[in-house]
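I set out to record what I could look up in this structure about its strands and helices. The entries below follow the order in which I consulted the model.

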Amino acid sequence: MTGGHTGNVQHPNTLDHLTSEHSVIVCCGSGGVGKTTTSAAIALAGAMSGRRTCVVTVDPARRLATALGIEQLTNTPVPISPEALELPQGGELWAMMLDPKATFDGLIDRYAPSRQQAERIMENRIYKELTSALSGTQEYMAMEKLYELVEEGGYDLVVVDTPPTRNAIDFLEAPSRLVHFLEHRLFRMLLAPTRVYLKAVSIATQAFLRTISKVAGAEIVDDAVAFFQAFEGMEEGFRTRAEKMSALVKETSTGFVLVTSPRQDAVTEADWFAKRLHQMGIEVKALVVNRTHPMFVQGEELLQSLVTTHLADAPTLPDGGAGTGSAEDYLKSLLSLIPPPVHTENTAIVTDPDTIFELLLANLLRYQLIALTEQHTYSDLAAHLATAHRQDPDIAAGSTAPAQRPFAVINVPLMTEDVHDLEGLKAMAGALATSARA
Amino acid sequence: MDLVTFFRQNKVLIVAGKGGVGKSTVAATMALASARAGMSALIVDLEGKTAIKTAFGMEGSLDYEEVLLYSSGAGAARARRITPDDALLEYLADHSLKRISKRLVSSGALEVVATAIPGIRDILVLGKIKQLERREMADVIIVDAPATGHAMTFLTSASGLLEAARSGPVRTQAQEVVEFLSDPSRCRVVLVTLPEEMPVAESIETAYQLEDRAGVTLGPVIVNGCLEPLPPADILSEANKKSFLGSLHGPFNFTGSETIKITPSIDLLEGMAQAATFHDHRRMQQAEQRQRLAEELPLPQLHLPYLFRPSSGLNELHALSESLSRGIAGIPDPAGEDADTSDMPGVPGRKATEL
């Protein structure tokens with residue numbers, strides 16, 4: 001892992017593949033599954049393999065941000081001390097916390113034909129709302145920042161954490177949505193609200209505009225007109241950039257990592273997201289399952305001796321690999337037999353050995369069963385992704401990849417402490433590598 | 001405080017929290033708890049998700065039409081969806097624009113206008129919720145709010161729009177929404193969190209921002225996923241294991257189940273010791289976070305247990321609703337003249353975060 005050279009490691013694991021064969025890694029998944037931490041840990045793994053790496057985080061936990069030295073929103077990456085990370089020659093880790101407003105301002109500066117026009121836009125009320133409140137802006141700016149860092153940052157690897165959106169796919173569609181917004185004919189009409197032009201728009205739209213003015217007040221419409229006028233002539237620049245961003249995302253050097261928790265709802269969402277990505281022609285390169293419950297005893301053996309033999313018609317317990325629906329249902333039904341952890345006032349003062357035994361055994365069984373059930377919950381998704389991965393033309397052609405590059409399913413066990421400092425991050429990067437090797 | 005008193009404090013409870021903390025489960029738990037207390041509860045979901053139905057052991061996503069999720073005697077829990085698009089179309093229909101609304105949607109004009117009037121979608125959704133409240137569609141209306149970040153935008157949209165729109169019905173609507181949100185007898189926000197570093201930090205931050213910027217009153221904080229205590233595991237230590245094994249009588253089978261019969265062994269005790277140590281360690285971490293939350297956010301906490309299920313259904317929801325009811329029973333009555341309660345957040349006239 002800390003060998004310090006890229007690309008020619010003797011027995012590379014799938015995490016090394018991920019960080020060495022991609023120049024961009026996008027971590028996506030639903031909210032609350034540990035995307036930020038995963039992004040930072042993958043970036044650290046990249047830096048530890050000797051690459052100049054930058055991680056763009058969105059809304060990291062404060063203590064993690066402090067550990068990374070990015071307590072405030074920054075618009076430029078800051079380096080993390082290589083000594084603290086014990087990075088090999090060439091390995092660097094840079095981090096930044098996305099500032100959507102500053103990023104948007106930078107974009108306006110870039111495309112506004114004059115200083116005055118840039119100022120006019122930045123003072124416009126709708127622009128201010130757009131940058132601070134509007135959902136979609138954060139997604140768009142994360143994409144913009146990613147593009148900028150890839151084009152101009154000189155990094156070997158940029159890892160980007162995606163914003164917690166309702167639909168994670170918003171992130172990918174955000175640039176084209178903004179362009180669509182700026183180019184909409186209604187917008188053009190607002191730019192040139194002449195009688196001639198009004199004839200060209202539908203009666204419905206005319207009626208609608210009049211109503212807007214009536215119900216929302218003339219100020220809103222005036223503000224909107226001023227906003228669109230201020231943007232005049234900049235659509236072209238925005239469109240070209242949005243097209244380049246879409247292209248970047250689809251390049252083979254861009255790898256998507258799907259992050260999920262082992263909970264059913266998160267896995268369902270990850271599955272849906274993987275399908276949408278597939279439709280967009282994007283293959284997921286790795287699946288990270290965060291915070292899976294640990295196994296304390298080799299689960300199958302324990303359960304076999306404890307439970308299976310006592311159940312007359314119990315199906316054979318799964319081997320932990322590709323699961324079947326029935327095995328999952330079986331585990332769930334077992335779990336439902338174990339009494340739930342109910343709140344009692346006097347747990348701490350129980351003295352009867354039999355009661356203590358039952359309480360502590362129930363605890364063990366809950367952990368074992370939930371760990372096994374979790375494996376089954378995500379194994380179907382992992383199998384789908386692996387199949388799609390094998391059919392990916394880039395891999396089938398073997399152009400860049402060594403033969404038989406496996407699909408990475410990286411399992412990060414729930415640790416006794418949550419990751420909030422560099423040590424924790426190192427431990428997580430280690431766990432990623434260990435799981436990827438297994 | 002008894003359950004009915006708790007739910008009668010105001011009609012609308014907005015459930016907010018970071019993604020992944022179990023917001024929808026908590027909304028469903030509150031609905032079930034109030035239904036079990038004989039009240040009618042209506043869950044309003046803003047995204048048309050499947051989580052609410054799943055929590056009640058049903059399949060599919062929520063529709064615009066109400067669906068019955070649970071009933072028992074006089075009590076019932078229902079749910080429906082109000083997405084911004086639903087609310088916008090309804091608003092257009094109310095303003096005699098129904099005829100053209102379809103074409104506006106298909107041409108994308110609606111989207112452009114909604115984007116050009118920031119906050120309009122949120123105002124319309126909140127306006128619709130306010131209407132449900134006014135029409136007394138249920139005893140309790142529980143709103144499954146968007147994930148925080150979005151929730152902040154959602155709840156501050158009205159005051160933002162008040163600054164932008166200086167006349168017209170939209171301004172009136174925004175004004176009414178601001179009044180509704182800031183009236184603790186009509187609406188409260190319930191924050192959901194997990195007893196972990198990041199969710200706790202975000203809840204504290206969100207709580208202060210919500211009071212300052214959205215002017216809402218906060219109800220108790222729901223701490224989800226709490227680990228319950230175990231008997232001390234030192235009895236399973238290397239030194240004690242053998243004698244403990246010898247002291248067991250048995251037979252062992254889990255309550256209500258004849259199918260799981262257990263034979264104690266040293267190996268089994270070893271596994272039990274490891275699991276108990278892990279559990280205790282995480283529970284101590286949780287206790288630290290709960291403590292931190294209590295210190296930095298002086299609001300009552302309601303604890304919901306972690307149930308060790310990768311997915312949940314109606315049985316789990318009943319268990320959670322019982323825990324919630326126990327927690328609510330432990331909240332002091334705010335109506336009393338009790339000297340203690342003068343410091344309690346949520347008391348009219350005093351902001352929770354002023355302490």
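Predicted model: local features only at pLDDT ≥ 70, side-chain atom pairs only at ≥ 80, totals over all residues.

**Strand pairing and helix packing**

β3(B) pairs with β4(B), residues 75-81, in the antiparallel sense, over five bridges. Ser72(B) has Gly75(B) of β4(B) opposite. The two strands make a hairpin with two residues between them. In its turn I found Gly73(B) with a positive phi of about 60°.

Next I asked in which order the strands of the chain B sheet lie. I found an open sheet of eight strands, ordered β3-β4-β2-β5-β1-β6-β7-β10, with mixed pairing. β3 (67-72) and β10 (301-305) of chain B are at the edges with a single partner strand each, so each has one side without a neighbour in the sheet. From one strand to the next, I read an average twist of 20°. As a reminder to myself, side chains in a regular strand alternate between the two faces of the sheet.

I also checked what lies across this sheet. Helix α2 of chain B, residues 23-36, lies across several strands, including β1 (12-16), β2 (40-45) and β5 (140-144) of chain B. Its direction is at about 170° to β5(B).

I turned to a helix pair in chain B. The axes of α4 (residues 84-94) and α7 (residues 120-134) come within 8 Å, crossing at roughly 80°. α4(B) is therefore roughly perpendicular to α7(B). From α4(B), I listed Pro84(B), Ala87(B), Leu88(B), Glu90(B) and Tyr91(B); they meet Arg121(B), Leu124(B), Val125(B) and Lys128(B) of α7(B).

Finally, I consulted chain A. Its eight strands form an open sheet, with mixed pairing, in the order β3-β4-β2-β5-β1-β6-β7-β8. I recorded β3 (78-79) and β8 (408-413) of chain A as the edge strands, each pairing on one side only. Within the sheet, β6 (residues 254-260) and β7 (residues 284-292) of chain A run parallel and are joined by five bridges. For Leu258(A), I found Leu287(A) in β7(A) as the bridge partner. Helix α15 of chain A, residues 264-279, lies across β1 (24-28), β6 and β7 of that chain. I read its direction as about 160° to β6(A).

Terms used. Residues numbered from 1 in each chain as written. Chains lettered and ligands numbered in written order. Axes fitted to C-alpha atoms, helices over the stretch in contact; angles between N-to-C directions. Helix = DSSP H or I, 4+ residues; strand = E, 2+ residues; numbered from the N terminus. Parallel < 35°, antiparallel > 145°, perpendicular 65-115°, else oblique. Contact = placed C-beta atoms within 7 Å. Pairing = 2+ DSSP bridges.
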